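Please look over the structure shown here before reading on.

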Amino acid sequence: MRSDREPPLDSGTLRKWLRDMVLIREFEVRTMQAYQNKQIGGFCHIYIGQEAVAVGCTAATRREDPIITAYRDHGHALARGMEPKYCMAEMFGRIGGCAKGKGGSMHMFDRRNNLFGGHGIVGAQTPVGAGLAFATKYEDEVINGGHNTRVTLCFLGDGALNQGAFHEAMNLAGLFDLPVVYVCENNAYSMGTSIERGTTMAHDLSIKAAAYGVDSALIDGMDILEVYSGMKAIIERCREKSRPAFVDMRTYRYKGHSMSDPRKYRTREEEEKWQTEDPIEKLATYLRDHGDFNEEEFKQLNAEVRSEVREAIKWAEESPEPQLEELYTDVYTHSCGPYKGTSVPRMLHEGETE
Amino acid sequence: MTQVREIEFRDALREAMAEEMRRDQRVFLMGEEVAQYNGAYKVSRGMLDEFGPRRIVDTPISENGFAGLGIGAAMMGLRPIIEFMSWSFSLVAADQILNNAPKMLYMSGGQFGCPIVFRGNDGAGGQLGSTHSWCVEALYANVPGLKMAIPSDPYDAKGLLKTAIRDDNPVFFLESERMLGNKGHVPEEEYLIPFGKAKIRREGTDCTIVSFGRPVHFCMDAAGQLEKEGISVEVIDGRTIRPLDIETIVASVRKTNACVVVDQSWPFASIASEVVAQVQERCFDDLDNHVHRVNADDVPAPYASNLEQEFLPNPRKICEAVRAATYNA
């Protein structure tokens, strides 16, 4: 944490970021417990360690800026404003979930908050992210005759760097001047394969972006002040110039790739070294050093968050399973043959937007 | 007397797109060579001049990329038309068109639809060899969440494509290089053709032939030959594969008591397989014989002209199947 500069924002904002990060961590701890209790099935990817990325990046966007991400998506959903209960109920496979229990852990969608998913296939969201940017620019410029106003944030893991989809998306974004920021959450491992074993020029990913004429930046993803200030500048430049950007966001997942990963491909020493960079501890320390934040307040914040997540679990447990009729809804937008049209999830009717 | 207007299949496709683009600014066309080159097959000829480069968008050879880009644009509410020069090239975009487009509405619990049209040439183009002669209908129709239209003449091409562009769901629109120059009547006035409504191309009493797309013409040729033998054939053009108008097929089979399905895809797990299964589920007691199938041969598409002709469904094979289906009836 750089402490030699002025706080970029008021302490209220920093406290909110701290709370958002603590919320994601507590949510994920409870998610792991629920998974071990078999209340959550399928594949489940935990975001602990990377909280500063989702919270800092989201804070640097406007609400109308679209966000799309990969399958390690709980953090992005919460950071974007999805209430924890809808996210948890989705993983529980309940009707109260953000996708009525039809998407699961890897498919968090929130129309009101412009979150365009959670996507399960590595890299598949990167052309779609280019398309979101194409569409916002098209709406603003072709339909409304103005200037581009929105920037899309498309998150990917370092594993996606080696998928063709990513390279096609970067090429198209560069060719078409699309206002999209590709944020590579570089946690150094694609499942059990270290980045050096998976991609060329792993030490300098900016080379890949340069090949497509796309500006890039390296950001310390364990430091939310760095994330926010770096991303804010990049996003506003993309908005103004209507051009893409690529960010090598260095971070680390404390847990395995998914719940079944024993992490034998890396050392405990390496894990412990990264945990000394903990993004939550770092911001808490900064707040203690630069304001009136104290241990008592931190404890209280933690207690509030624990209670909030406990409520989310309770709500998810009490939410009913989807009726079997839900099998045949949302296949097509209108009724045809055995299909029964579509209906949006409860979240959009009653969810808080903030 | 007013002149009956006849235009080419490719012109009918262009009229459909241009009319919908004039009607709705959210519609745009994207693909390889669609703009400056005026279309690899001249389907989009002149559209760049009318609509400009923001709405008629040339792409590099990057099917997975621009198919996915279209999907993102559709999620945001635009209505992209994505042209594949050939559906054979859509295979490199399979993840986007099969994993994303048809499942987005479901995975998002009804939050994000995908109103997009993927269109291009399907099937054998004429000695193009194995990799460029794909019939994708059987491969892709397996996936719920998408619709599939496959016109056989200019009139249907225009009416079905306009419906496809207005549909709120992903539509796979299968054209044929071999039919783009075919002329047919297309009225000046606007019309749309609903999905899931088959067309009876020829009425008959002895045997029902069901087909889709280009092979409908082979069926009509066969029906003409069979008439000379005293066999009266009813030819049904399915027009759309998803949804499938099984009601029209069933009603015809209950009248003729015999059925042949003609499908240009490979026989194993084909469109014909599906139609046969549904007809036999619904018409078991109405049939005098089992339902016969005519497919492409179960081999990769060959290059040699004579082999390709033999490989495809053709009038000779169709006549043989109808004779077998009506034998002893």
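This is a predicted model: local features need pLDDT of at least 70, side-chain atom pairs count only at pLDDT 80 or more; totals for chains, interfaces and linings use all residues.

Residues are numbered from 1 along each chain as its sequence is written, and chains are lettered from A and ligands numbered from 1 in the order in which they are written. Helices (H or I, at least four residues) and strands (E, at least two) are DSSP runs, numbered from the N terminus.

**The sheet of chain B**

In chain B, 7 strands form an open sheet with mixed pairing, in the order E3-E2-E4-E5-E7-E6-E12; two strands pair if DSSP finds at least two bridges between them. The edges are strand E3 (56-58) and strand E12 (240-242) of chain B, each of which pairs on one side only. From one strand to the next the twist averages 20°, where axes are lines fitted to C-alpha atoms, for helices over the stretch in contact, and angles run from 0 to 180 degrees between N-to-C directions.

| Strand pair | Sense | Bridges |
|---|---|---|
| E2(B) and E3(B) | parallel | 3 bridges |
| E5(B) and E7(B) | parallel | 5 bridges |
| E6(B) and E7(B) | parallel | 3 bridges |

Within these pairs, Met30(B) has Val57(B) in E3(B) as its bridge partner, Gly120(B) has Leu174(B) in E7(B), and Ala149(B) stands opposite Phe173(B) in E7(B). Because 5 of the 5 residues of E7(B) are buried, this strand is largely enclosed by the rest of the structure; a residue counts as buried if 20 or more other C-beta atoms, placed from the backbone, lie within 10 Å of its own. Val171(B), Phe173(B) and Glu175(B) point one way from E7(B), whereas Phe172(B) and Leu174(B) point the other way.

**Helices on the sheet**

Helix H3 (residues 63-75) of chain B has 13 residues and reaches 18 Å from its first C-alpha to its last, close to the expected 18 Å, the expected span being 1.5 Å times one less than the number of residues. As 13 of the 13 residues of H3(B) are buried, the helix is largely enclosed by the rest of the structure. Just after H3(B), Gly77(B) takes a positive phi of about 110°. Helix H7 (residues 154-166) of chain B lies across E2, E4, E5, strand E6 (147-149) and strand E7 (171-175) of chain B, and runs at about 160° to E7(B).

**Contact between the chains**

Residues are in contact if their C-beta atoms, placed from the backbone, lie within 7 Å, and 36 residues of chain B are in contact with 42 residues of chain A. To the side of chain B that touches chain A, H3(B) gives the most, with 10 residues. That side divides into 14 nonpolar, 18 polar and 4 charged residues, where Ala, Val, Leu, Ile, Met, Phe, Trp, Tyr, Cys and Pro count as nonpolar, Asp, Glu, Lys and Arg as charged, and the others, Gly among them, as polar.

**Two domains of chain B**

An automatic or database domain assignment is the source of the domain bounds, and for chain B it gives domain 1 (6-185) and domain 2 (199-326). Their C-alpha centres lie 26 Å apart, and the contact takes 23 residues from domain 1 of chain B and 24 residues from domain 2 of chain B. Helix H6 (137-141), E6 and H7 of chain B each supply at least two residues of the side of domain 1 that touches domain 2.

Note on methods: A residue is buried if 20 or more other C-beta atoms lie within 10 Å of its own, exposed if 12 or fewer, and partly exposed in between; C-beta atoms are placed from the backbone. Two residues are in contact if their C-beta atoms, placed from the backbone, lie within 7 Å.
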